[in-house]
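Good morning, and thank you for coming. I should like to take you through one model today, beginning with a single loop residue and widening the view from there. Please look at the display.

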Amino acid sequence: MQEHGLKISELVTLFNLEVLNRGSDYDTALLTITDVNRPGLQFHSFYDYFDPRRLQVLGKAEITYLKGLTTEQRRKCFDDLFLYDIPALVISRGWTASRSAWRAPGSTSGRYCGPRRPPWSSPATPSSI
């Protein structure tokens, strides 16, 4: 039985996202439900009712919270989240992310993407989250 949904690669094209880390199943992974999740509660280790099939979106609130943590605390937040087979993590609003905070060096697992910024824009970007 074939599962229906939107391929992550199609989502990237549709919303003109920049891929920061391409997972091994990038070309075949599907979004099968239309709901999204902002993982603020998960960053506090609350996974009751967490649906890993949802697209995970980091917005200003999550980024601001993560900026207040130590590197080790941020890494634990992401390590715990990535224990689940989420379809993708989208970093919104043009925020940048320190790769050391969300994946181990050399890791190819997981799919992470964010909006492309037009060359004329100059959003406030934290030096590290």
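Let us begin with Tyr-49, which lies in the loop between strand 4 and strand 5; helices (H or I, at least four residues) and strands (E, at least two) are DSSP runs, numbered from the N terminus. Tyr-49 has a relative accessibility of 81% and therefore counts as exposed. On that scale, buried means under 20% relative accessible area, exposed over 50%, and partly exposed in between, with a 1.4 Å probe and protein chains only. The phi of Tyr-49 is near 70 degrees, a positive value in a residue other than glycine. Most residues other than glycine have a negative phi.

Before going further, a word on the basis of these values. This is a predicted model, in which local features need pLDDT of at least 70 and side-chain atom pairs count only at pLDDT 80 or more, while totals for chains, interfaces and linings use all residues. Residues are numbered from 1 along each chain as its sequence is written, and side-chain values use heavy atoms, with hydrogens and water left out.

Staying in the loop between strand 4 and strand 5, we find Ser-45. Ser-45 is not a glycine, yet its phi is positive, at about 65 degrees. With 51% relative accessibility, Ser-45 counts as exposed. Leu-41 belongs to the loop between strand 4 (36-37) and strand 5 (55-58), and Leu-41 is exposed at a relative accessible area of 53%. Leu-41 and Glu-62 are separated by 21 residues in sequence and by 9.5 Å in space, C-alpha to C-alpha.

Which residues does Asp-80 contact, leaving aside its neighbours within four places in sequence? They are Ser-45 and Tyr-47, where contact means heavy atoms within 4.5 Å. Asp-80 is found in helix 3, and its relative accessibility of 17% makes it count as buried.

That brings us to helix 3 itself. In this helix, residues 71-81, the buried positions are Arg-74, Cys-77, Phe-78, Asp-80 and Leu-81. They lie on the same side of helix 3 because they cover an arc of only 165 degrees around the axis; the arc is that of the directions from the helix axis to the C-beta atoms. An α-helix has 3.6 residues a turn, so residues three or four places apart point the same way.

Now the interior. A nonpolar core is a set of buried Ala, Val, Leu, Ile, Met, Phe, Trp, Tyr and Cys residues joined through side-chain atoms within 4.5 Å. The largest core has 13 residues, of which Phe-43, Leu-58, Leu-66, Phe-78 and Leu-81 touch the most other members. Helix 2 (60-67), helix 3 and strand 6 (89-91) each supply at least two residues of this core. Helix 3 gives the most, with 3 residues. A second, separate core of 11 residues includes Leu-11, Leu-55, Val-57 and Val-90. Residues up to four places away in sequence not being counted, Leu-58 touches a list of partners including Pro-39, Phe-43, Leu-66, Phe-78 and Ile-91.

Turning to the aromatic rings, two rings of Phe, Tyr and Trp (its six-membered ring) pair if their centres lie within 6.5 Å; planes under 30 degrees apart count as stacked, over 60 as edge-to-face and the rest as tilted. The count by this rule is 5 aromatic pairs. Tyr-47 and Phe-50 form one that is edge-to-face, at 5.3 Å centre to centre and 85 degrees between the planes. Both Tyr-47 and Phe-50 are buried. Phe-43, Phe-78 and Phe-82 are linked into a cluster by ring pairs.

Finally, the whole chain and its confidence. The protein chain has 4 helices and 7 strands, and buried residues make up 39% of its 129 residues. The chain averages a pLDDT of 78, with 71% of the residues scoring at least 70; pLDDT is the predictor's confidence in each residue, from 0 to 100. Confidence is highest in strand 4, at a mean of 96, and lowest in helix 4 (residues 99-102), at 53. Over residues 104-108 the pLDDT stays under 50, and over residues 117-129 it is also below 50. Where pLDDT is low, the predicted coordinates should not be read in detail.
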